Amino acid sequence: MSAYRHIKIPSSGEKITVRDGRLHVPDQAIVGYVEGDGIGPDITRACLRIWDAAVEKAYGGKRKIHWCETYLGEKAAGLYDGNYCPDETLKALAELVVSIKGPLTTPVGGGFRSLNVALRQDLDLYACVRPVRHYAGVPSPLKNPGKVDVVIFRENTEDVYAGIEYKTGTPENEKIARFLREEMKAKFFEGAGLGIKPISEFGSKRLVRKAIQYAIDNGRESVTLVHKGNIMKFTEGAFRNWGYEVARDEFGSVTITEEQLYGEYKGKQPDGKIVIKDRIADIMFQMMLLRPEEFDVLATMNLNGDYLSDAIAAEVGGVGIAPGANIADHVAVFEATHGTAPKYANLNKVNPGSLLFSGVMMLEYMGWKEAADLITLVYPEVVSDGIVTYDFARQIDGATEVGTSQFADALIERIHGGVDLEAKRKAQQAQLVKERKQREIRRLLQPLEEMVDTGRVPTTVGDLMTRSLITVSDGETVESAMHVMTDNDISSVVVEPDAKGEWGILTRRDIVTRIVHAGKNPATTRVRDICSRPVTSVPAEMSIREAAAMISDTHFSRLTVAQGEKIIGIVTETDIFNAVDKFAWTAE
């Protein structure tokens, strides 16, 4: 007896499973799909044919997708007594592991959650993954849209999207407002609606972990943490810090920070290393217009990711061809990112691109990259020939406007016509290597200019500190320590721990005031007799403003930077001064 009321699992295929923490995809894989509402049936029918053709061509019949229809939205309501999100569909999507869906309508009226939000919450699909790249021939407002090729990992479960809000005038709002004002001494206007913005270590780290693993698996150059931590230090700033912790603690052998790239490696990215960057959200929007080629994988919180996904998609043709997926640790639901456009329903008119490329993502997720590549390689050829749906036809002179199914026919014909995958892959790889080399040369020749031009603005002590520590022992003579300073052209040295385990610091000022002024002999005086100990250490994630306040309050000119019990760097008032001068410091 079937475990499902309406869903029929194909008997001819084999389910995708998870073994030892990895996806196991059989050659005769069962994959779920939801047709969708509005234009959903039109684009789904077209895309199913294209995906099947690509799989058939790529594998010569050895592999095949056995499609299993599941139901959400209006079609589900007709089958399940008005239920738009039946439990058996959620169960099936989890059981099938991999599925894809067309656009869905949330019914009008109180008490209905967005079906997309319901899916994300009920299946814990915590990562919204949105690749954004340009395909030759697709209309774009940019002069060089081909430079855009990023994958956005947007955290799906937290931030203001957690839905913890209290309407003004309600008892709940008044209770929260009273607590904030009386207990927490918070100040805000009367009658304000109140919302809570939870950002957790758990949620942040699992999102960034998935983004870094994607970069490793797909040969990407960098992962950028996008945040507004200069203002919201304990939520967005914490996201940034936790992201760096994941990179350091779990991927330390394959990642370096941007500070290390410029400081230790002088701008030359070591083979096999992924650079972990971070950018303030508003700067990130600018950079995706001015220097999009500098960014590969973006890891963001929910709201920033929502804005960025659609804004960057607009640079390369709009959400009509923007793919997406919502992914848990393994369960993945790929989806069209646009709406249902009901006025075009059943007219065989709309562009299937968003759902089509979501299916390309799905094939890549399954490890069927050859089939995915067939679609991505023939698509620009068809568009460049001027065979397009109405949305592009309006923007391309001399285009031939075709319907949804006819556009699918043109793609399938090109797939069957034969594509030299290996030659095209080699050409793409050669171009990628060339572009990366050009960026590296710029970093080597003009590192400061590149830092500024690519939006790298220091926000923490870790961004400014000198990592290559030069140390002396406290038993050495002051004269010996002076030679070390002179030889390395530095104004201080870190003094290694004494018997109590306390680090120290010796500066030129110490020598002037405690040796020269005091009339002592540097050749016979030991470092321990004049160095400052213990040192004042701060964590690498301390903000530059907080470090400046500490330097001011303690009257020290430098601070050591600690990671646990270990000193990993030093930051000076000169470093902060230079940052203000070089990076156009603002009071933000």
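What volume does the largest cavity have? About 110 Å³. Before going further, a word on what you're looking at: this is a predicted model, where local features need pLDDT of at least 70, side-chain atom pairs count only at pLDDT 80 or more, and totals for chains, interfaces and linings use all residues. Residues are numbered from 1 along each chain as its sequence is written, and side-chain values use heavy atoms, with hydrogens and water left out.

Back to the cavity. The term here means a set of points, on a 1 Å grid over the protein atoms alone, where a 1.4 Å probe fits but cannot get out, while a pocket is an open set with protein on both sides within 12 Å along at least five of seven lines; lining residues have an atom within 4 Å of a point. Grid points are joined across faces, edges and corners, and a volume is the space filled by probe spheres set on the points. The largest cavity is lined by 14 residues, and E258, L261, K277, E294 and R443 are the closest to its centre. Helices (H or I, at least four residues) and strands (E, at least two) are DSSP runs, numbered from the N terminus. With that in hand, α8 (258–263), β13 (274–280) and α15 (421–445) each give at least two residues to this lining, and α8 has the largest share with three. Sort the lining by class and you get eight charged, three polar and three nonpolar residues. In that scheme Ala, Val, Leu, Ile, Met, Phe, Trp, Tyr, Cys and Pro are nonpolar, Asp, Glu, Lys and Arg are charged, and the others, Gly among them, are polar.

The structure holds two cavities of 30 Å³ or more.

Now for the open space. The largest pocket has a volume of about 1600 Å³. Its lining runs to 47 residues, with R133, D149, R220, Q428 and L432 nearest the centre. Helix α15 turns up again here, giving the largest share at 11 residues; β7 (127–133), β8, α11 (353–365) and α12 (369–384) are among the other elements that each supply at least two. By class, this lining has 20 nonpolar, 17 charged and 10 polar residues.

Three strands form an open sheet in the order β19-β20-β21, with mixed pairing. The edges belong to β19 and β21, each with a single partner strand, so one side of each has no neighbour in the sheet. Two strands pair if DSSP finds at least two bridges between them. β19 (residues 471–472) runs parallel to β20 over two bridges, and T471 has V494 as its bridge partner. Buried means under 20% relative accessible area, exposed over 50%, partly exposed in between (1.4 Å probe, protein chains only).

How does the chain get from β19 to β20? Through helix α18 (residues 478–488), in a right-handed β-α-β unit. Right-handed means that, with the strands pointing away from the viewer, the path from the first strand over the helix to the second runs clockwise.

Helix α7 (residues 236–250) is worth a stop too. It is largely enclosed by the rest of the structure, because 11 of its 15 residues are buried; W242 and Y244 are among them.

The peptide bond from R533 to P534 is cis, with omega near 0°, and P534 sits in the loop between α20 (527–530) and β22 (537–539). D159 isn't a glycine, yet its phi is positive at about 65°. D159 counts as buried at 0% relative accessibility. K266 also has a positive phi, near 55°, but K266 is exposed, with a relative accessible area of 54%. You'll find K266 in the loop between α8 and β13.
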